[in-house]
Amino acid sequence: MRYLIISDVHSNWEALEAVLGHAAGKYDHVVCCGDLVGYGPDPNRVTEWVRENVAFLIRGNHDKAAAGLENLEWFNPVAKVAALWTQNELSPENREYVKRLPKGPLAVADFQIAHGSPLDEDEYLFGAAEVGQAFAYLDRNLTFFGHTHIQGGFLASRGQLCAISGPGWGAPSSTLNFRPDDAYLINAGAVGQPRDDDPRAAYAIYDSDGRCVDYYRADYDIASVQEKIRRAGLPDVLAQRLEVGQ
Ligand code: ZN
């Protein structure tokens, strides 16, 4: 079975559409690691597509915020403005759908999905300290996560921890073949707001028969998303960051 792994779409319809075009014919099911909404200008369109097409998904912190489940005091000012805008913009049906999204981790076939870490949906897995702890609690040797918006992830091999991101990884079509005794925490990257200095939309394909992951990036029309962000009156920094991938 081949799974299209997406995360952190963040109401960016053009980026999602580009990923779907780029990935066409390469997958059987879609899996989403959370943050459908927040930051971007098209929360309803993205949510409606997800409702119809994604069988396996969990919520992210921005989904909680948009559904009124999060204390916005902990959000930075820009994220807070975007969360309030999204709350107001979502149709009642879509808000209800986002509100009912399950909390990770969620077991799917031979892997699991989490938004932040398998231990805490709001935790960022950036480096050895958090990641080492997370590996100790994995009940599957393959976990997909999101939240950092950085394509790549980590692997644990005989007690040694390695980062997968970095030079040579995260480039289009780079393949990671799994070794049976190693454990993997894989980040497909962000569809709608990459923060790894590559502004293209990120995604991954997991092939459960071949036991490998392919990382991809897709170009999309960033300028029209920026225009929509500005027209919606969302903070301008949300438009600016898209073109630099930060
Ligand atoms: Zn996010």
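Start by selecting Ser11, which sits in the loop between β1 (2-6) and α1, where helices (H or I, at least four residues) and strands (E, at least two) are DSSP runs numbered from the N terminus. The model is a predicted one, in which local features need pLDDT of at least 70 and side-chain atom pairs count only at pLDDT 80 or more, while totals for chains, interfaces and linings use all residues. Residues are numbered from 1 along each chain as its sequence is written, and side-chain values use heavy atoms, with hydrogens and water left out.

Ser11 has a phi near 55°, a positive value in a residue other than glycine. Is Ser11 buried or exposed? At 0% relative accessibility Ser11 counts as buried, a word that stands for under 20% relative accessible area, with exposed meaning over 50% and partly exposed in between (1.4 Å probe, protein chains only).

His147 lies in the loop between β6 (142-145) and β7 (152-157), and His147 is buried, with a relative accessible area of 2%.

Next, select Leu4, Ile6, Leu16 and Trp49, which touch the most other members among the 46 residues of the largest nonpolar core. Such a core is a set of buried Ala, Val, Leu, Ile, Met, Phe, Trp, Tyr and Cys residues joined through side-chain atoms within 4.5 Å. Helix α1 (residues 13-23) gives the largest share of this core, seven residues. With Trp49 in the centre of the view, look for its contacts (heavy atoms within 4.5 Å): leaving aside residues up to four places away in sequence, Trp49 touches Ile6, Trp13, Leu16, Leu20, Val30 and Val54. A second, separate core has 21 residues, including Ile5, Ile164, Leu176 and Ala188.

Then move to Gln112, in strand β5 (residues 111-113). Gln112 is buried, its relative accessible area being 4%, and its side chain makes a polar contact with the side chain of Thr143 at 3.0 Å. A polar contact here is a pair of N or O atoms within 3.5 Å; within protein, one must be able to donate a hydrogen and the other to accept it, and residues adjacent in sequence count only if both atoms are side-chain atoms. Among the residues that Gln112 touches, not counting those up to four places away in sequence, are Pro105, Leu138 and Phe144.

Pro105 is the next stop, in the loop between α5 (92-99) and β4 (106-108). A cis peptide bond, with omega about 0°, joins Gly104 and Pro105.

On a 1 Å grid over the protein atoms alone, a cavity is a set of points where a 1.4 Å probe fits but cannot get out, and a pocket is an open set with protein on both sides within 12 Å along at least five of seven lines; lining residues have an atom within 4 Å of a point. The largest pocket has a volume of about 250 Å³, and of the 17 residues that line this pocket, Asn61, His62, Trp74, Phe75 and Tyr124 are the closest to its centre. The largest cavity holds about 50 Å³ of space, volume being the space filled by probe spheres set on grid points joined across faces, edges and corners. Among the residues lining the largest cavity are His10, Tyr39, Gln193 and Leu238.
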